[in-house]
Amino acid sequence: MQNTQFAEHAPDTELEENAVVSLREKICYGLGDTACNVVFGICATLLTFFYTDYIGINPMTVGMIFLISRFFDGISDVVMGFITDRTHSKYGKARPWILWMSVPYAVTFVLLFFVPADASETVQAVYIFVTYNLVNTVVYTALNLPYSTMGSLITRDEFSRSATQAWRIFCGPMGKMLVVVSTLPLVHYFGNTQRSWIIVSVIFSVIALVLLLICFFNIKERVVIKAAQGVKVPLKQQLKALISNQYWAMCLGFWGLAVMMSTVSGVIMTYYCKYTLGNELLYSPLYAAELISQSIVVLIVPHFVPRFGKRNLTLAGILLVIVAQIVWLCAPLSMSAAMASAIIRGIGVAPLWANVFPMLADAVEYGQWKTHVRQDGMIFSAASVGSKIGGGLATAGIGILMDSVNYNGLSSTQPQEVLDLIYVVCMYAPIIFSIIIAVLCLMYKLDKFYPQVIADLRERDRQGVL
């Protein structure tokens, strides 16, 4: 029964699954990531600041909650990938989850900011743990994982897929920039209290809900591997196929390190602006400059992929990130240097974000080619584990470090040890992450023989063989 229902909506020709995606569909798909980044943007940058400086919770407590939650989140990603691959509906296997999770996503996001202000720290910690896991481990995973999986299901055409993902990475940071740039000014406008954060979160949740519905009603699943229909691969076999896919593992590293670098920079820069540059509101234009430059370059990157390849563009960009940090190191107290560094860093990190999801989609095809097992949801979910754990480790690491130097978020001044720590992390962490990413780039070879992988898979499709 499931196979018949699914087949009714499967594309009839090879032409459709290799279709060039329209600009409208690319933009609407990208708007889904705009909505997803409303939560991701807050959690990755300002949520720690809200908990420490508005609720007064110890930064180490916040960091440990985030870290523990990320491990649960990683497990939920794998489970959701397994569920996605076995979902059969009239909308496909990934697309319906965007609809099903849109309202829960909007509602649970607001709950993050209803921390009982007058309760004990234990009660507050429990509330944060429960709501943070509800949002990230359950709802966000059930929304974002299938949404990401759509990247390999919209089309099988390599360059149209890259262009579609480029629009995702263009639109996604717009959601992040919306919350990061406007949250603190809006919070100040509404009174600079916990209630202000709640009001702002309601505004953002409504915007996110509308964007998710626009995304759902304007995208389409085209890639249906007929030989995979009705084939239920045991979990043990799926995990074995996953582990043997070295390009999935590299993408896990790319995505995880990219999130770690973004999280560390986003979190620590708030404190750097407040205590070193003397004004926390400077964070908004700096972050906006980085995201705007990143978003513009993301749209340009796919045009160079056919000539230079995803790996080479990513490597060149990540070396530019190191240059950006050197610029800032030359004048760490200069707002002009900080702004120049942010713009250069945004340009440098753009190829990594533009290519990581097309690389994941390529890893899906490579995995099928190598193991005869198709794992759209499983590969995206297992790679997402790297991003979730990476983000958790980054946030927890900052919390632990800040606690080690006796940071107090309710104090107007900080000891020199705190200021020194903020400086070191802000300046040098991106350089360390960039070096590791560059090493991974040198190990990535799939670009060289990917056309042959696709040619072989198309021949197998004609023969009805996975």
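A crossing of two helices is called left-handed if the near helix is turned anticlockwise from the far one by less than a right angle, and right-handed if it is turned clockwise. This is a predicted model, in which local features need pLDDT of at least 70 and side-chain atom pairs count only at pLDDT 80 or more, while totals for chains, interfaces and linings use all residues. Residues are numbered from 1 along each chain as its sequence is written, and side-chain values use heavy atoms, with hydrogens and water left out. Helices are DSSP runs (H or I, at least four residues), numbered from the N terminus.

**Helices packing on helix 16**

- Helix 11 (residues 246-276) and helix 16 (residues 416-443) have axes that come within 9 Å and cross at roughly 165°, where axes are lines fitted to C-alpha atoms over the stretch in contact and angles run from 0 to 180 degrees between N-to-C directions.
- That angle makes helix 11 roughly antiparallel to helix 16 (angles under 35 degrees count as roughly parallel, over 145 as roughly antiparallel, 65 to 115 as roughly perpendicular and the rest as oblique).
- The crossing of helix 11 and helix 16 is left-handed, and by class their contact has 25 nonpolar, three polar and no charged residues (Ala, Val, Leu, Ile, Met, Phe, Trp, Tyr, Cys and Pro count as nonpolar, Asp, Glu, Lys and Arg as charged, and the others, Gly among them, as polar).
- Helix 13 (residues 310-330) packs with helix 16 at an angle of about 160°, with their axes 9 Å apart, which makes helix 13 roughly antiparallel to helix 16.
- Helix 13 passes helix 16 in a left-handed crossing.

**Helix 3 and helix 4**

- Helix 3 (residues 23-55) and helix 4 (residues 59-85) pack at an angle of about 140°, with their axes 9 Å apart, and the two are therefore oblique to each other.
- The crossing of helix 3 and helix 4 is right-handed.

**Salt bridges**

- Side chains of opposite charge can pair when their charged atoms come close.
- A search of the whole structure finds 14 salt bridges (a side-chain nitrogen of Lys or Arg within 4 Å of a carboxyl oxygen of Asp or Glu).
- E365 forms a salt bridge with R161, the closest N and O atoms being 3.0 Å apart.
- Because E365 lies in helix 14 (residues 335-371) and R161 in helix 8, this pair ties together parts that are 204 residues apart in sequence.

**A nonpolar surface patch**

- L178, Y189, F190, I203 and I207 make a nonpolar surface patch of about 440 Å².
- Helix 8 (158-189) and helix 9 (194-217) are the elements that give two or more residues to this nonpolar patch, and I207 has its place in helix 9.
- Patches are made of residues with over 30% relative accessible area and no salt bridge, with like charges joined within 9 Å and nonpolar side chains (Val, Leu, Ile, Met, Phe, Trp, Tyr) within 5 Å; accessible areas come from the Shrake-Rupley method with a 1.4 Å probe, and for residues only the protein chains shown count as cover.
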